Amino acid sequence: MNKVVKDMLNAIWYLVVFLLIQAFAMFIVGTIWYVSQGKDLQTAVQTVGNGTTDGLVVVLWTIVSSLLTILIFALCRWSPFSRSYLRTHPWLSLLWVVLLACGTIIPSEWLLEQLNIQMPEGTEKMFEDIMGRPEGYIVIGILAPIAEEMVFRGAILRSLLKAFSSQMHWLAIILSALLFGVAHLNLPQGCHAFVIGLLLGWLYYRTNSIVPCVVFHWVNNTVAYVMFNLLPQAGDGKLIDLFHGNHRMMMYAIGFSLCILLPALFQLALRLRRPKE
């Protein structure tokens, strides 16, 4: 089989495995949960099959699916771990990654609102239920960044970069970002994931490591979690509500964010280098 085709099929296989793990964990955890709540097995299976919006159940099955993903992708070496990048002592670069993540939050939210895409009501309710729970941070802030970066950068993008020549690395980054967006299974989150996936793909390409990607992902998700819980008026997802309806202040905030984002991009472009194996 042609090596390019094999690498692309591997990338698709990693995505399929990731989605199967999600479905398996949702079915098993959901069924066990509803049976423990007094439902008979058939009713519990039907409830899970119809889709659940119970935030606690979603948190539990997402924890299980994330742990399974990390374990399987590590044991199968689909997302190989190397200390090469950490041996370069990239602490200042990682600080710029943190600033880059902070600088993207408000502009990316504003861009998403311009598309005027509404999240499905059931999905939005489930998402808010997860974000409103203390244990939800285990999923949002800790496990999801590790598991998703192992899959979409450490496995999928790594394979796509092998499939394409170094001159076409952006095609691999775009494809991996597209798959990252599709895997979120709803348009609003998918669009956001695609944009963020481009930056994450660039970080991986420049370092050959998921470490800066995990840091970026962690900051992005943590800020979203904290803002959701500290600013309940932003619960409907409207950026303008953060500024009490003041459009000028919102534009100032976007401009200030760009003053963080652009220097961070510049500094990272200078500092990030693929380590020698």
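**View 1. The buried side of helix α10.** In α10, the residues Met250, Ala253, Ile254, Ser257, Leu261, Ala264 and Leu268 are buried, where buried means under 20% relative accessible area, exposed over 50% and partly exposed in between, with a 1.4 Å probe and protein chains only. An α-helix has 3.6 residues a turn, so residues three or four places apart point the same way. The model is predicted, so local features need pLDDT of at least 70 and side-chain atom pairs count only at pLDDT 80 or more, while totals for chains, interfaces and linings use all residues. Residues are numbered from 1 along each chain as its sequence is written, and side-chain values use heavy atoms, with hydrogens and water left out.

**View 2. The partners and span of α10.** The buried residues of α10 pack against α4 (91-115) and α8 (187-207), a contact being heavy atoms within 4.5 Å. Helix α10 itself covers residues 247-271, and its 25 residues reach 36 Å from the first C-alpha to the last, close to the 36 Å expected at 1.5 Å a residue, the expected span being 1.5 Å times one less than the number of residues.

**View 3. The helices together.** The protein has ten helices and zero strands, these being DSSP runs (helices H or I, at least four residues; strands E, at least two) numbered from the N terminus. Of the 277 residues of the protein, 44% count as buried, and residues 24 or more positions apart account for 77% of the contacts with a separation of 6 or more. Along the principal axes, the C-alpha atoms fill a box of roughly 60 × 60 × 30 Å.
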